[in-house]
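I am opening a notebook on a structure that I have not looked at before. The entries below follow the order in which I looked things up.

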Amino acid sequence: FNRYKIQLKALEDDLLHKLANAPADILSDIPLIEGLESTKATAGEIARAVVKGKETEVGINEAREVYRPVATEASCLYFMLLKLNRIEYAYQYSLASFTTFFKNGMERAVLS
């Protein structure tokens with residue numbers, strides 16, 4: 001979105017510069033009129049791209065929320081295994097062990 005905002009700001013600045021330096025009869029300045037039309041078309045394209053970007057963002061956010069409960073459970077499991085050695089020194093697990101526990105849990109989980 002920032003790229004579009006920057007591009008819109010540049011178009012706006014260019015348009016204001018052209019209008020400030022325009023002759024008294026604006027309609028006789030053909031490059032100014034063409035620049036206005038070009039700016040209008042570009043602004044429309046940018047507006048459509050921003051709308052599409054917002055729609056995509058909503059889809060991504062919805063997909064992310066689907067995985068949030070799994071991520072929460074995995075985080076709890078990881079930190080629980082990480083701190084088990086405080087209870088008993090023999091309970092020390094590596095990341096590889098955690099991955100094995102997690103994969104086994106995913107295989108046994110009920111699909112919802």
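Predicted model: local features only at pLDDT ≥ 70, side-chain atom pairs only at ≥ 80, totals over all residues.

**Entry 1: charged pairs**

I began with Asp13, which forms a salt bridge with Lys9, and I noted 3.2 Å between the closest N and O atoms. How far apart in helix α1 are Asp13 and Lys9? They are 4 residues apart in helix α1, so about one helical turn separates them. I then looked up the accessibility of both partners. Asp13 has a relative accessible area of 37% and is partly exposed. Lys9 is partly exposed too, at 46% relative accessibility.

Side chains of opposite charge can pair when their charged atoms come close.

Next I asked how many salt bridges the structure holds. The count is 3.

Another of them joins Lys18 to Asp14, with the closest N and O atoms 3.5 Å apart. I found Lys18 partly exposed, with a relative accessible area of 30%. Asp14 is also partly exposed, with 33%.

I then turned to Arg68, which forms a salt bridge with Glu65. Here the closest N and O atoms are 2.9 Å apart. Arg68 and Glu65 are 3 residues apart in helix α2, so they too are separated by about one helical turn. Arg68 counts as partly exposed at 42% relative accessibility, and Glu65 is partly exposed with a relative accessible area of 42%.

**Entry 2: rings**

I searched the whole structure for aromatic pairs and got 1. The pair is Tyr78 and Phe79, and its geometry is edge-to-face. I wrote down 5.2 Å from centre to centre and 75 degrees between the planes. Why does this angle count as edge-to-face? The planes are 75 degrees apart, and the label applies because the angle is over 60.

I looked up Thr39 and found it in helix α2. At 14% relative accessibility Thr39 counts as buried, because buried means under 20%. What does Thr39 touch, not counting residues up to four places away in sequence? Thr39 touches Leu11 and Leu15.

Thr42 is in helix α2 as well. Thr42 has a relative accessible area of 18% and is buried. With neighbours within four places in sequence left aside, Thr42 is in contact with Gln7 and Leu11.

**Entry 3: a nonpolar patch**

I asked which residues make the nonpolar surface patch of about 300 Å². They are Leu16, Leu19, Ile26 and Leu36. I looked up Ile26 in particular. Ile26 lies in the loop between α1, residues 2-20, and α2, residues 30-83. Ile26 is partly exposed, with a relative accessible area of 36%.

**Entry 4: distances along and across**

From Gly59 to Lys18 the separation is 41 residues along the chain and 40 Å between C-alpha atoms.

Leu77 lies in helix α2 and counts as partly exposed, at 25% relative accessibility. Leu77 and Lys54 are 23 residues apart in sequence, and their C-alpha atoms are 34 Å apart. What is Leu77 in contact with, leaving aside its neighbours within four places in sequence? I found Phe98 and Phe102.

Technical notes. Residues numbered from 1 in each chain as written. Heavy atoms only, no water. Patch = residues over 30% accessible without salt bridge, like charges linked within 9 Å, V, L, I, M, F, W, Y side chains within 5 Å. Areas by Shrake-Rupley, 256 points an atom, 1.4 Å probe, with all protein chains shown as cover. Salt bridge = Lys/Arg side-chain N within 4 Å of Asp/Glu carboxyl O. Helix = DSSP H or I, 4+ residues; strand = E, 2+ residues; numbered from the N terminus. Buried < 20%, exposed > 50% of the residue type's maximum accessible area, 1.4 Å probe, protein only. Phe/Tyr/Trp six-rings, centres within 6.5 Å; stacked < 30°, edge-to-face > 60°. Contact = heavy atoms within 4.5 Å.
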